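Please consult the sequence and the structure shown below while reading.

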Amino acid sequence: MKIDAKIRPADLSRKISRLWELSAQKIRSIEHVYDPAKGSPVFTVRGRYTARGWTEWTQGFQIGAALLQFDATDEAEFLELGRSQTARLMAPHVSHAGVHDHGFNNVSTYGNLRRLMAEGRIPDNEWERNFYELALKLSGATQARRWTPLPEGGGFIYSFNGPHSLFVDTIRSLRALGAAHQLGHVLMEENDRRISLLDRLKAHATATATFSVYYGEGRDAYDVRGRTAHEAIFNINDGCFRCPNSQQGYSPFSTWTRGLAWAMCGFAEQLEFLRAVGDESITPLLLKAARATCDFYIARATAADGIPYWDTGAPELHRLGDWPSRPADPFNEHEPVDGSAAAIAAQGLLRLGAYLKNKNYWQAGLTVLNTLLDEPYLSADARHQGLILHSVYHRPNGWDHIPRGRKVPCGESSMWGDYHAREAALYVQRAAAGQRSPNFYL
């Protein structure tokens, strides 16, 4: 990746304004034609959002997008849309005990509304605030109960695959535990045992940094500093770690770049959170993980313009020749790029750069965002409901749409890619205006 050291937040203002103009069109289009009875919208097929029965993890991005739109533009229609849809549709997600995605769904909706209220952007109505806070408390406790203890102490929030499975992306769902802890909540277990949500947050973050990230310390034959495994597998009889696995990437020993991006963003966010609550007991480990993953993204996972292909070990990637020296080609015939991974990674780089006051990470984040906010990634087609193009959902399962005449997926969008591009744009927009950056907690 070639980092552009000359980009400043203000330089992106025109592109960010255009993003919000296009974003408004996309949000209205989805709201007018999408039927929630079909399930949560997940990704586009021929430019129209569709559901995919796997887990209900994306509806919060759909509704939360309207709240980010209001945050960025002060357009009241989007506040009303986000507020009404949160009340109407999000309750099942609060008590959903079967997923590891509470941070995605509930912090993006109830959390954004509570944050906007705390920032004075919307009136602080006591009963409305209590409603949002109750939802966040219950969400955090429900998420924290999906718990696998480890023999040496600690544990992790297990994925929908079961108690043996630690997913790297769950690092960003720790926001649910963090928000609930900030509101003074605890998890009450059998015999009235009080479980600290902060302790569980720290334990899961520690497990992710320990088992999902590699540090070039000889852990296995493919131990490259900053590489991540999407899934870590444990023996549930004794709690011992067994092996890495790949839920959505190509192999356990390559790096699925969206999983890498979740780690980058999640670790940086947890560093901010722990500093804010005054508990930095695990900061050295999380900082080690954040630096390693961000360095790997910059040096080994991306093309020259900061966009990654879907997996660093994708089997046809070698056919692209010296791809790291050139901008990514989303229309190539061998392997797809993943614009959604870039959107998530951009925010991770920006947050770590701000946290450390490190210009290299900060400029890397601006470089990635600068690429995303232009063609061929930003969707200017009013008929296309997606905002960020060339997103990949599940390459191994073949779920992504391949257009006629193409050999690999391209030209489609995802709820998580669109949402995280909006988050990153809002982060930079506030930086350009000299305003406090949103922490997307409370």
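## Aromatic pairs

Rings of Phe, Tyr and Trp, the last taken by its six-membered ring, form a pair if their centres lie within 6.5 Å; planes under 30 degrees apart count as stacked, over 60 as edge-to-face and the rest as tilted. In this predicted model, the rule gives a count of 20 aromatic pairs. One of them joins Y309 and W323, with 5.4 Å from centre to centre and 70° between the planes, an edge-to-face arrangement. Both Y309 and W323 lie in the loop between α10 (283-301) and α11 (339-356), so their pair ties together parts that are 14 residues apart in sequence. Y309 counts as buried because its relative accessibility is 3%, under the limit of 20%. W323 is likewise buried, at a relative accessible area of 12%.

A further pair consists of Y393 and W416, and here the geometry is tilted: the centres are 5.0 Å apart and the planes make an angle of 50°. This pair links distant parts of the chain, since Y393 belongs to the loop between α12 (359-372) and α13 (415-432), while W416 is in helix α13, 23 residues apart. Y393 and W416 are both buried.

Which residues do ring pairs link into a cluster? The members are F43, W57, F61, F104, W262, Y393, W399, W416 and Y419.

## The three-stranded sheet

Strands β5, β8 and β9 form an open sheet in the order β5-β8-β9, with antiparallel pairing. Its edge strands are β5 (165-167) and β9 (241-245), each of which pairs on one side only. From one strand to the next, the twist averages 25°. Three bridges join β5 to β8 in the antiparallel sense, and F167 has E231 in β8 as its bridge partner. Strand β8 (residues 231-234) pairs with β9 over four bridges, again antiparallel. Across this second pairing, F234 is partnered by F241 in β9, and A232 by P244 in β9.

In a regular strand the side chains alternate between the two faces of the sheet. In β8, E231 and I233 are on one side and A232 and F234 on the other; these residues are all buried, and both faces of β8 are covered. The hairpin of β8 and β9 has six residues between the strands, and G239 there takes a positive phi near 80°. Helix α8 (residues 197-211) lies across β5, β8 and β9 and runs at about 90° to β5.

## Cysteines

How many disulfides does the model contain? A disulfide is a covalent bond between the sulfur atoms of two cysteines. The count comes to zero. C265 is buried, with a relative accessible area of 0%. C410 is buried as well, with a relative accessible area of 6%.

L350 is found in helix α11. Is this residue buried or exposed? L350 is buried, with a relative accessible area of 0%.

Leaving aside neighbours within four places in sequence, L350 is in contact with Y361, W362, G365, L366, A424, Y427 and V428. The C-alpha atoms of L350 and A268 are separated by 8.9 Å, although these two residues are 82 residues apart along the chain.

Methods
Residues are numbered from 1 along each chain as its sequence is written. Side-chain values use heavy atoms; hydrogens and water are left out. Helices (H or I, at least four residues) and strands (E, at least two) are DSSP runs, numbered from the N terminus. Buried means under 20% relative accessible area, exposed over 50%, partly exposed in between (1.4 Å probe, protein chains only). Two strands pair if DSSP finds at least two bridges between them. Axes are lines fitted to C-alpha atoms, for helices over the stretch in contact, and angles run from 0 to 180 degrees between N-to-C directions. Contact means heavy atoms within 4.5 Å. A disulfide is a pair of cysteine sulfur atoms within 2.5 Å.
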